[in-house]
Amino acid sequence: MTTSAIREKLVSYLQVADDKKLKAIYTMVEDEINTAENDWDEDFINELENRSKSFVTGNAKTYTWEETKQAAVSRVASKKK
């Protein structure tokens with residue numbers, strides 16, 4: 001099942017779930033929800049915007065998948081020595 005399908009099923013279920021189940025689900029994810037709300041402060045948002053602009057204008061250093069994979073493989077190999 002795709003993530004999108006899971007989201008749709010959860011949203012639909014949450015609309016009709018009884019109070020007890022809704023509270024149980026919320027309890028399981030409450031810490032994650034509260035953490036997510038606090039992670040995006042103004043500095044973080046500004047940094048994301050700057051990086052996005054840098055990427056769009058072509059000023060950001062980017063890597064292909066092959067370059068990324070090779071760097072990861074090399075790093076793991078160097079740590080094994």
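View 1. K69 belongs to helix 4, which covers residues 65-80, where helices (H or I, at least four residues) and strands (E, at least two) are DSSP runs numbered from the N terminus. The model shown here is predicted, with local features requiring a pLDDT of at least 70 and side-chain atom pairs counted only at pLDDT 80 or more, whereas totals for chains, interfaces and linings use all residues. Residues are numbered from 1 along each chain as its sequence is written, and side-chain values use heavy atoms, with hydrogens and water left out. The side chains of K69 and E66 meet in a salt bridge at 3.9 Å, N to O, a salt bridge being a side-chain nitrogen of Lys or Arg within 4 Å of a carboxyl oxygen of Asp or Glu. E66 and K69 are separated by about one helical turn, because they stand three residues apart in helix 4. With a relative accessible area of 37%, K69 is partly exposed, the classes being buried under 20%, exposed over 50% and partly exposed in between (1.4 Å probe, protein chains only).

**View 2. Helix 3 and the pairing of E47 with R51.** Helix 3 runs over residues 42-57 and has 16 residues, reaching 22 Å from its first C-alpha to its last, close to the 22 Å expected at 1.5 Å a residue; the expected span is defined as 1.5 Å times one less than the number of residues. Within helix 3, E47 and R51 lie four residues apart, about one turn of the helix, and their side chains meet in a salt bridge of 2.7 Å, N to O. Side chains of opposite charge can pair when their charged atoms come close. E47 is partly exposed at a relative accessible area of 36%, whereas R51, at 57%, counts as exposed. By the rule applied here, the count of salt bridges comes to two. Just after helix 3, G58 adopts a positive phi of about 85°.

**View 3. A nonpolar surface patch with helix 1 as its main contributor.** Helix 1, residues 3-16, supplies the largest share of the patch, five residues. L10 lies in helix 1 and, at 46% relative accessibility, counts as partly exposed.

**View 4. The chain as a setting for the close-ups.** The secondary structure comes to four helices and zero strands, in the order α-α-α-α along the sequence. The chain has a radius of gyration of 20 Å, whereas a compact globule of 81 residues would have one near 12 Å; the radius is taken over C-alpha atoms, and the globule rule is 2.2 Å times the number of residues to the power 0.38. Of the 81 residues, 1% count as buried. The mean pLDDT (the predictor's confidence in each residue, from 0 to 100) is 90, and 95% of residues reach 70 or more. Confidence is lowest in helix 2 (residues 19-39), at a mean of 85, and highest in helix 1, at 94.
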